[in-house]
Amino acid sequence: QVQLVESGGGLVQAGGSLRLSCVASGRALSTFTVGWFRQAPGKEREFVAASIWSGFSTFYADSVKGRFFISRDNAMNTVSLQMNTLKPEDTAVYYCAAYPYYSGSYRSTNIYDNWGQGTQVTVSS
């Protein structure tokens, strides 16, 4: 079991950047599949990015590819999401998630059994 706490959300103008952090405690994330998801009001929680094999492989939703980047800092037991060129449609609550093993279904919310509380990202026009 691992506890996850997100931070770094806020209000930003379109075209700006934010960096979200997810700090883990209780377990080391280095061996976990980790992901970022987001959920806008009235919409399903959707995949944003994932990192497997301690960050050697990363994956992104088409909507954020080239703009968002997931990374890990194993020494700090932290996973980050760098978000660049933000758009109003990026507005959502962003969640980090972790799964103790590798999973080829990293795009699915269903495989993750550890979730943070979420951090609000609001991008204004």
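This talk describes the fold of one predicted protein chain and then visits a few of its residues.

Good morning. The model before you is predicted, so local features are discussed at a pLDDT of at least 70, side-chain atom pairs count only at pLDDT 80 or more, and totals for chains, interfaces and linings use all residues. Residues are numbered from 1 along each chain as its sequence is written, and side-chain values use heavy atoms, with hydrogens and water left out.

Let me begin with the whole chain. How many helices and strands does the chain have? There are zero helices and eleven strands. Here helices (H or I, at least four residues) and strands (E, at least two) are DSSP runs, numbered from the N terminus. The pattern along the sequence is therefore written β-β-β-β-β-β-β-β-β-β-β.

Next, the dimensions. The C-alpha trace spans about 40 × 25 × 25 Å along its principal axes. The radius of gyration, taken over C-alpha atoms, is compared with a globule rule of 2.2 Å times the number of residues to the power 0.38. For 125 residues, a compact globule would have a radius near 14 Å, and the 13 Å of this chain agrees with that.

As for the surface, the accessible area is about 6,200 Å², and carbon and sulfur atoms hold 51% of that area. Such areas come from the Shrake-Rupley method with a 1.4 Å probe, and for residues only the protein chains shown count as cover. Of the 125 residues, 44% are buried. Buried means under 20% relative accessible area, exposed means over 50%, and partly exposed lies in between (1.4 Å probe, protein chains only).

Contact means heavy atoms within 4.5 Å. Of the contacts between residues at least 6 apart in sequence, 60% join residues at least 24 apart.

Where is Arg72 found? Arg72 belongs to strand 7. Is the residue buried or exposed? Arg72 counts as buried because its relative accessibility is 17%. Its side chain has a polar atom 2.7 Å from the backbone oxygen of Leu29, and a polar atom of that side chain is also 2.7 Å from the backbone oxygen of Ser51. A polar contact is a pair of N or O atoms within 3.5 Å; within protein, one must be able to donate a hydrogen and the other to accept it, and residues adjacent in sequence count only if both atoms are side-chain atoms. Leaving aside neighbours within four places in sequence, the contacts of Arg72 include Phe32, Trp53 and Val79. Ser30 is another contact of Arg72; the two residues are 42 apart along the chain, with their C-alpha atoms separated by 8.1 Å.

Thr119 is counted as buried because its relative accessibility is 10%. A polar atom of the Thr119 side chain lies 3.2 Å from the backbone nitrogen of Gly9. Beyond four places in sequence, Thr119 touches several residues, among them Glu6, Leu20 and Tyr94.

We move on to the loops. Ser103 sits in the loop between strand 9 and strand 10 (114–115). With a relative accessible area of 10%, Ser103 is buried. The Ser103 side chain reaches the backbone nitrogen of Ser105 at 3.0 Å.

Arg27 is placed in the loop between strand 3 (18–25) and strand 4 (33–39). This residue is partly exposed, with a relative accessible area of 36%. Not counting residues up to four places away, Arg27 touches Gln1, Val2, Phe32, Asn77 and Pro100. Arg27 and Asn77 are 50 residues apart in sequence, yet 8.5 Å apart in space, C-alpha to C-alpha.

That brings us to backbone angles. Most residues other than glycine have a negative phi. Which value does Asn77 have? Its phi is positive, about 55°, although Asn77 is not a glycine. Asn77 lies in the loop between strand 7 (68–73) and strand 8 (78–83), and it counts as buried at 15% relative accessibility.

Thr85 also has a positive phi, near 45°. Its place is in the loop between strand 8 and strand 9 (92–99). At 45% relative accessibility, Thr85 counts as partly exposed.

Thank you for your attention.
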